[in-house]
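Subject: Structure for you to look at

Hello,

Here is the structure I said I would pass on. My notes on it follow below.

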Amino acid sequence: MNNKNNTGQRLKLHNKELILFDLDGTLIDSVPDLTLAVNEMLSALNRKTFPEDTVRYWVGNGAQMLVKRALLGTRETDEEVDEVLFEKAMALFLDFYAKHLAESTVTYPHVEETLRSLKNNGYRLAVITNKPFAFVGPILKNLGLDDLFELIQGGDSLPQKKPNPAPLLHTCRTLGLSVETSLMVGDSKNDIIAAKAAGMQSIGVTYGYNYGEDIAVHGPNVIVDDFADIIKHLI
């Protein structure tokens with residue numbers, strides 16, 4: 001586990017007031033339900049379906065990119081997708097996913113108790129995700145987390161989404177807090193790149209969907225294997 005600074009001491013992230021959390025791969029494992037929706041969409045289009053382990057490597061850049069990857073059958077999206085086919089596929093995916101938002105989706109270990117401990121200790125919490133906004137609230141409510149966050153931003157809440165820093169900066173402005181007193185927690189390079197571009201410190205979790213890549217490659221300030229370990233660096 002790499003959760004120390006280069007002096008060998010546990011790194012304390014001082015003076016933080018606001019913590020921004022990614023959703024998929026950080027707070028929740030939504031891949032089972034996303035896989036179901038993706039495969040229902042592909043089946044409706046008479047196209048090849050894929051196992052959950054394959055879809056897991058396609059998650060993280062929002063619904064449009066997930067659908068494009070499913071249509072191409074690969075994470076690489078250099079090839080163009082027919083626009084009419086893509087629009088039909090998107091409509092099908094969004095419809096299917098809306099019906100299966102939290103059937104098999106679960107929180108990762110220690111997420112709820114850690115979030116409640118942070119909130120009870122005075123931290124303000126927000127969710128910054130690339131998932132469409134309309135899906136986020138119902139998922140959080142189903143998992144009993146809907147009372148924890150002051151603000152939720154989806155991938156379609158602004159013209160830009162992570163790894164662009166705009167969602168992080170907009171959240172700070174909206175809640176009246178500085179970048180310096182804010183912290184981004186996420187599982188993928190999109191989260192860490194966005195935080196760095198915003199001038200914000202970050203914590204990377206090792207258990208998420210980072211395309212099979214070690215989160216350490218992107219240099220978060222702290223890396224944790226267990227969500228509960230976030231508290232050790234803050235409180």
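H1 and H4 cross in a right-handed sense. This is a predicted model. The axes of H1 and helix H4 (residues 83-98) come within 8 Å, at a crossing angle of roughly 135°. Angles over 145 degrees would count as roughly antiparallel, so this angle makes H1 oblique to H4. On the H1 side the residues that meet H4 are Asp33, Leu34, Ala37, Val38, Glu40, Met41 and Ala44. Their partners in H4 are Ala89, Leu92, Phe93, Phe96 and Tyr97. By class, this contact has 10 nonpolar residues, two charged ones and no polar ones.

H1 (residues 31-44) also packs against helix H3 (residues 63-72), at an angle of about 55° and with the axes 11 Å apart. That angle makes H1 oblique to H3. The crossing of H1 and H3 is right-handed. Leu34, Val38, Met41 and Leu42 are the H1 residues here, and they meet Leu66, Val67, Ala70 and Leu71 in H3. The residues of this contact are eight nonpolar, with no polar and no charged ones. Leu34, Val38 and Met41 of H1 are listed in the contact with H3 and also in the contact with H4.

Ser182 lies in strand S6 (residues 182-186). Its relative accessible area is 0%, so Ser182 is buried. A polar atom of the Ser182 side chain lies 2.8 Å from the backbone oxygen of Ser178. Setting aside neighbours within four places in sequence, Ser182 is in contact with Lys16, Leu18, Cys172, Leu177, Met200 and Gln201.

Ile192 is in helix H8 (residues 189-198). Ile192 counts as buried because its relative accessibility is 0%. Neighbours within four places in sequence aside, Ile192 is in contact with Ser202, Ile203, Gly204, Ile215, His218, Gly219 and Pro220. From Ile192 to Glu113 there are 79 residues in sequence and 24 Å in space, C-alpha to C-alpha.

Leu13 is in the segment before strand S1 (18-21). With a relative accessible area of 3%, Leu13 is buried. Again leaving out neighbours within four places in sequence, the contacts of Leu13 are Leu183, Gln201, Ile203, Asn221, Val222, His233 and Leu234. Leu13 and Ile152 are 139 residues apart along the chain, and their C-alpha atoms are separated by 23 Å. Gln201 is in contact with Leu13 and with Ser182, while Ile203 is in contact with Leu13 and with Ile192.

Last, the backbone. Most residues other than glycine have a negative phi, and most peptide bonds are trans. The places below are exceptions to look up in the model.

Asn15 is not a glycine, yet has a positive phi of about 60°. Asn15 lies in the segment before S1, and its relative accessible area of 66% makes Asn15 exposed. Asn46, also not a glycine, has a positive phi of about 60°. Asn46 is in the loop between H1 and helix H2 (52-56), and counts as exposed at 73% relative accessibility.

The peptide bond from Lys162 to Pro163 is cis, with omega near 15°. Pro163 lies in the loop between strand S5 (151-153) and helix H7 (166-175).

Regards

How values were computed:
Residues are numbered from 1 along each chain as its sequence is written. This is a predicted model: local features need pLDDT of at least 70, side-chain atom pairs count only at pLDDT 80 or more; totals for chains, interfaces and linings use all residues. Side-chain values use heavy atoms; hydrogens and water are left out. Axes are lines fitted to C-alpha atoms, for helices over the stretch in contact, and angles run from 0 to 180 degrees between N-to-C directions. Helices (H or I, at least four residues) and strands (E, at least two) are DSSP runs, numbered from the N terminus. Angles under 35 degrees count as roughly parallel, over 145 as roughly antiparallel, 65 to 115 as roughly perpendicular and the rest as oblique. A crossing is left-handed if the near helix is turned anticlockwise from the far one by less than a right angle, and right-handed if clockwise. Contact means heavy atoms within 4.5 Å. Ala, Val, Leu, Ile, Met, Phe, Trp, Tyr, Cys and Pro count as nonpolar, Asp, Glu, Lys and Arg as charged, and the others, Gly among them, as polar. Buried means under 20% relative accessible area, exposed over 50%, partly exposed in between (1.4 Å probe, protein chains only). A polar contact is a pair of N or O atoms within 3.5 Å; within protein, one must be able to donate a hydrogen and the other to accept it, and residues adjacent in sequence count only if both atoms are side-chain atoms.
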